[in-house]
Amino acid sequence: MTWLDVLALAPVLVLVIGATTLLMAGAWYHETRPLIAGGIAVALVAAVTAGVAPPSPMEIAGLFSSAPFARYFAILWSLVAALILMLSLRYASEREFAAGEYVALVLFSAAGMALLSGATSLVGLFLSLESFTLALYILVSFHRNNNQGAEAGLKYLVLGAVATGFMAFGIALIYAASGTFHLPEALNGLQVGGHLRPWGLLGWGLALVAIGFKISLVPFHLWTPDVYQGAPAPVTALLATGSKGAVGAALVMVLASAPGAWQELVPLLWVLALLTMLVGSLCALPQENLKRLLAYSSVVHMGYLLTALLPGSPEGYSAVVFYLTVYTAASLGAFAVITSLSNAHGEPQKLAAWHGLGYRYPVRGAVLATCLLSLAGMPLTGGFIGKFVLFHAAIKGGFTGLAVVAILASLVSFAYYLRVVMVLYSSDEPAPALHPGTSLEHAVLLVCVSAILLLGLYPAPLLDLIATLIP
Amino acid sequence: MNTAPSIPGLWCHDMIGSVVFYLLAAATLTATLLCITRTSPVHAVIYLVHAFFDLALIFYLFGAPLVAAWEMIIYAGAIMVLFLFIIMMLELSPGGKPLTVDRRRWIPVLILSLVTLGCTVLLIIQDPSSAGSGTAYHASPRDFGTALFDHYALAVQVVSFQLLFAAVGAYYVGKGEPRKRGEQPS
């Protein structure tokens, strides 16, 4: 470790040191408000550091990159952590969460996500992936008086541990076949005469099972609705945005590091993408629980991402990064509305409880409608531009069939998203009184909605920026 | 498929090495299978310890005595003893019925133990790892320490933070808290 390495790691160091400091403080000092405020400050400082600190051209210890690509995601995940802590302030104090531990875990998971988005070695990938999954296992079951949360945590832990086993075995096989952990060499080393070696194929297959679990691609998605439903709403937001987005970013890093070294996996990924979009859409249609609906919607979104990753083109990669950003804003916004409406007695999850809420709470009704329409891909929202660039990249890369399926899946998605919007604005009787929401929660909603609208109306600067980031 | 040379020292080409390897591999698999099918957690732990012993011998056979030693000390020794300790402390016996002494239970353990013992003796007498070309891959504790705390220092840091937060989380989730009367927010 040199001074340059420390500087290159600065955003992550801020997050981790902040997390441990607040953890220590929380041991003696039990006030929720100052601890969470400290956490928000740490996350914002980390975001600023990631923007300001000069990116090092060298890799850090041969494990992580601090290139602009990794820095972009470090900023994004730090901001997500800050927004989630803002959402958690009232939620955590109503449920008497141990604030020190909660804040520390959220910050540490953001650090893991930031590291994962820049992993350049299989060891770095594995360690950073496990860092934030480990924090999330605990966060999911953080509400100790809630049996659903405990069940969700246990399901996530058991299935996640199995996925970790697959990942470790896959990495071991790739290492055995190529003799290195470093990404371009490891993946290129799997090739013999333009074909993947059997060891490499097996290793890739096992690693894909784990990745499929983490971003819930279809045969491995079964945990998603249960965990989303049982976890506290702010944690679900972190799970839906950061945890999936960071793995998506890592996939871009991995696939872009060795172009052409994974051509034989394309049919496999093609089938995964197709299944993910089909099954996700069909399962989302009959959902009566908003969190489960959003869970299946996240499954479908990961199918879209895979569609644009398949061509292996820089356009596809930048489309994925742009889409991840827009998806993060929209998904976070939707969960923020659920959080802000929840009170000490629970979260409004069942769609039946949402009848007429759009009239009773017009601001939050409108925000939820905007977020859902952005997820569906309505023009004027960021989701439309995101889907446009995704599908454009897929068609240009020669995956027209898959792109058509993706477009059909987004048409179907209008059905389930609009159903929620209809429920929001249809009622004969007055909606039940839920929490009016704090100003901090409204600030989060404002950030999400303005990001969605800004990216929908004027996406060019971000698209240009992302095009320069792709490794 | 010409994959064998890329995996250093996987296949010891002399006869005894292969025989011992397959014996140990079969014993490891059998022990693991028995471990996951036992209803009594204590029996399962015993079989898992067996699997670790056999695995350690396989590592030794491949010319990695350091890893073999750790497999014994850390996995078979520390971790499994901790498991056993916790299982006995929590009294996790199936159905709470007293264990009957059934001689047939001993048969698989005895066979596995004999295989492990036999292979150990064979390895001590013959030591195929020293005869082969595996010496180039011998890592001394010093080499290992240098690699770990120099090249992979950052990885060690990341793991240590992971363990810290895992400990905090396990303590938090496991710590009992008196339930509030009447309400159960979800």
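Is A:Asp226 buried, exposed or partly exposed, and what is its relative accessible area? I looked this up in what is a predicted model, and I find A:Asp226 partly exposed, with a relative accessible area of 25%.

**Entry: the partners of A:Asp226**

I then searched for the charged partners of this residue, and I noted that the side chains of A:Asp226 and A:Lys155 form a salt bridge, at 2.7 Å from N to O. A:Asp226 sits in helix 10 (residues 223-230) of chain A and A:Lys155 in helix 7 of chain A, so this pair ties together parts that are 71 residues apart in sequence. A:Lys155 also counts as partly exposed, at 29% relative accessibility. A second salt bridge brings the side chain of A:Arg292 to A:Asp226, with N to O at 3.0 Å.

**Entry: A:Glu315 and A:Lys396**

I looked next at another salt bridge, in which the side chains of A:Glu315 and A:Lys396 meet at 2.7 Å, N to O. The pair links distant parts of the chain, 81 residues apart, with A:Glu315 in helix 14 (residues 314-341) of chain A and A:Lys396 in helix 17 (residues 382-396) of chain A. I checked the accessibility of both ends: A:Glu315 is partly exposed at 36%, whereas A:Lys396 counts as exposed at 54%. I also noted one network, in which salt bridges that share partners join A:Arg90, A:Glu94, A:Arg95 and A:Glu441. Over all chains, my search of the whole structure gives nine salt bridges.

**Entry: the interface of chain A and chain B**

How many salt bridges does the rule find across the interface of chain A and chain B? I find zero there, although the rule does return four residue pairs in polar contact, with both residues at pLDDT 80 or more. On the side of chain A that touches chain B, at least two residues each come from helix 2 (10-28), helix 5 (99-116), helix 6 (122-140), helix 7 (147-178) and helix 9 (198-214) of chain A. Helix 6 of chain A supplies the largest share of that side, six residues. Sorted by class, the side of chain A that touches chain B holds 26 nonpolar, nine polar and seven charged residues. For the contact as a whole, I count 42 residues from chain A and 27 residues from chain B. The two chains, A and B, bury about 3,200 Å² between them, with 65% of it on carbon and sulfur atoms.

Methods: Residues numbered from 1 in each chain as written. Chains lettered and ligands numbered in written order. Predicted model: local features only at pLDDT ≥ 70, side-chain atom pairs only at ≥ 80, totals over all residues. Heavy atoms only, no water. Contact = heavy atoms within 4.5 Å. Buried area = accessible area lost by both parts, 1.4 Å probe. Salt bridge = Lys/Arg side-chain N within 4 Å of Asp/Glu carboxyl O. Polar contact = N/O pair within 3.5 Å; in protein donor to acceptor, adjacent residues only side chain to side chain. Helix = DSSP H or I, 4+ residues; strand = E, 2+ residues; numbered from the N terminus. Nonpolar A, V, L, I, M, F, W, Y, C, P; charged D, E, K, R; others polar. Buried < 20%, exposed > 50% of the residue type's maximum accessible area, 1.4 Å probe, protein only.
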